[in-house]
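Reader: Before we discuss the terms applied to this entry, please show me the sequence and the structure.

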Amino acid sequence: MCGIIGYAGSGNAGEIIYDGLLRLEYRGYDSAGIAVLSNGKTEIVKSAGRVEKLNTSAQLLGGNVGIGHTRWATHGKPDDKNAHPHRSGRITVVHNGEIENYAELKKQLAASGERFLSETDSEVIPCLINRFYGGNLLEAAIKCAKMLNGSYAFLAMCDGCEEIVAAKFRSPVIVGQGENCAYCSSDEPALAGKCPTLYILEDGDFAVITKSSVKIFDENMRPVNRAPVINSAGEQSLALCGYPHYMIKELWEAPAAVKNTLSAFAGVEAEARAAFAGADRVIFTGCGTAYHAALLGKRYFCELAGIPAEAEYAGELRYNGIQGGKKTVLVAVTQSGETADTVEAARLYKNSGAAVLAVTNCPHSAIARIATLTVPVCAGPEICVAATKSYSAQIAALAAMALSVSGGKRQIDTDCAPALISQTLQDIDIYALAEMCARARGVYFMGRGIDYAVALEGSLKLKEVSYIAGGGYPSGELKHGTLALIDGTTLSVFIICDGELAAKSMDAVEQTLSRGGMAAVLTTLPEVQRQFARRAEVISLPECNKYLSPLVSAAALQLLAYRVAVVLGRDPDKPRNLAKSVTVE
Ligand code: M6R
């Protein structure tokens, strides 16, 4: 949700920031901009559209200190004038977050003569800093921050001054020192290969970076010590390595992600089990794909561990009037660890005395710092906006946790999971189904039990990378309304991997076919394959334990969504209107 980067050193700031923005682009790609200090004056290039539009102009910026931004528009259209950086007087700023009181501030500033050039909430920041500036950029940034409500990670620079000031509240900022230079950025991958050691700013921190130093301060300008962390992101993990898109590369990385996640669980198993002892309420939460993993977590806990559990979207959980307490365990699932609704739900529950387990791919993220315990998801950096390998690894972590909490009552050989995913990706022929989806007016995904949770994810994946309308439903619900949508132009995709509920989902396939709807069946069950062999598009998946089947059916549905995106000429890595890390509410 917007990427920001700053550099102070002796290299060409324009080129270095451009390179950093390319790595941050998955956080938003509506517009991009770079500001560089050149002979004491600030030069700015910015444009609506992708970062690569700045390729030539960035090279021409001469200077060694600068800041950059790649935008996911919140306030104001994604056009040139709303692109960051924004400027007022001597001050230039890039911002990630949302300033909730911006309208009020704009009104006050306009009344005292300020002219605004953009529709953004962010533009109040350089205006305020410029007004407060009396020779000390840090001091002016702190005074500005005190006026802001909402969330911000901003970087500010001032004409004639070779330093960058960073401020953080509820949006991420990391800082680090390289050789003869220093950086600040929204996340670790942007600094892979540049800074081996990083400092993660906490809410209310400010940092001043120059070519030779990185200093962190509190809001009273007192120095603050933050523990250094090793930058785990490798440059290799950011390369396409011959694949046409990150989505397909990351899909193929799912087996390793699952394997590494299952191994890493051993390191937290005892603490995870202890967290559930004596709990009388277990809630799984997350947003989007992570919520779909949370739904599976709920089912695993109910069915494998015999522990009653609930699942709710993080954005809803926060406002349902109940806030946990000492006997509650909240399991918050999030790839980035920075999703605002999930982080705030975790904070709310932690403050109520609940144990918070963060199932996350980012060990230095906001949620990891709030949680009682981090349950590692070891998927490595996920660049494609559409989540793939992180979802598979989240499922693996949740299954391992449920099996462990069951205390050995339920045993499943999870070691075969990575091979099952590889076999699925290698063996299935999804091209014909992809063509059917591409031609359909609407695509509906259905299943029961664990298959329903996967159906929701299959639907989300297809929608986000293909823009084809549709939805995910429990197949038992079909006859209660959705059936009215079925005709020869709509496609219903049934996931049938739970043998105990298969007969019921098969009825729903029959109801669809008998009304002239197109149907596809993804199944691990030979009897289901036989039943629909000549009447529906059948995708045969490797036979496996029902509780491992979500790994298999999800891999098939992710591959399906990818193929449809390719057939339709969409960019699966950067779907329109979306961003990878949703740090606004
Ligand atoms: O980083 P998170 O897992 O918290 O992100 C939550 C959702 O924004 C995310 O899963 C989103 O739905 C996916 N990009 C969909 O593929």
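Reader: Which residue of strand 19 does Ala358 stand opposite?

Author: Ala358 stands opposite Thr374 in strand 19. Strands here are DSSP runs of E with at least two residues, helices are runs of H or I with at least four, and both are numbered from the N terminus. The model is predicted, with local features requiring pLDDT of at least 70 and side-chain atom pairs pLDDT 80 or more, while totals for chains, interfaces and linings use all residues. Residues are numbered from 1 along each chain as its sequence is written, and side-chain values use heavy atoms, without hydrogens or water.

Reader: How is strand 18 joined to strand 17?

Author: Six bridges join strand 17 (residues 328–334) to strand 18, again in parallel. Val333 has Val359 of strand 18 as its bridge partner. Between these strands the chain passes through helix 11 (residues 340–351), and this β-α-β crossover is right-handed. That name applies if, with the strands pointing away from the viewer, the path from the first strand over the helix to the second runs clockwise.

Reader: Why is strand 18 described as largely enclosed?

Author: Six of the six residues of strand 18 (residues 355–360) are buried, so the rest of the structure largely encloses this strand. Buried means under 20% relative accessible area, exposed over 50%, and partly exposed in between (1.4 Å probe, protein chains only). Ala355, Leu357 and Val359 point one way, Val356, Ala358 and Thr360 the other, and all are buried. In a regular strand the side chains alternate between the two faces of the sheet.

Reader: What makes strand 21 and strand 24 edge strands?

Author: Five strands form an open sheet in the order 21-20-22-23-24, with parallel pairing. Strand 21 (470–474) and strand 24 (537–540) each pair on one side only. The twist averages 15° from one strand to the next, where axes are lines fitted to C-alpha atoms (for helices over the stretch in contact) and angles run from 0 to 180 degrees between N-to-C directions. Strand 20 (residues 442–447) and strand 21 pair in the parallel sense over five bridges, and the partner of Phe445 in strand 21 is Gly472.

Reader: Why are Met221 and Cys241 called partly exposed?

Author: Met221 has a relative accessible area of 31% and Cys241 one of 42%, so each value falls between the two limits, under 20% for buried and over 50% for exposed. Met221 lies in the loop between strand 13 (213–217) and strand 14 (229–230), whereas Cys241 is in the loop between strand 14 and helix 6 (246–252). Met221 has a positive phi of about 65° although it is not a glycine; for Cys241, also not a glycine, the positive phi is about 50°.

Reader: What makes the peptide bond from His84 to Pro85 cis?

Author: Omega is near 0° for this bond. Pro85 belongs to the loop between strand 4 (65–71) and strand 5 (86–88).

Reader: Which residues line the largest cavity, among them His84?

Author: Cys2, Arg71, Trp72, Thr74, His84, His95, Gly97, Thr120, Asp121 and Ser122 line the largest cavity.

Definitions and conventions. Two strands pair if DSSP finds at least two bridges between them. On a 1 Å grid over the protein atoms alone, a cavity is a set of points where a 1.4 Å probe fits but cannot get out, and a pocket is an open set with protein on both sides within 12 Å along at least five of seven lines; lining residues have an atom within 4 Å of a point.
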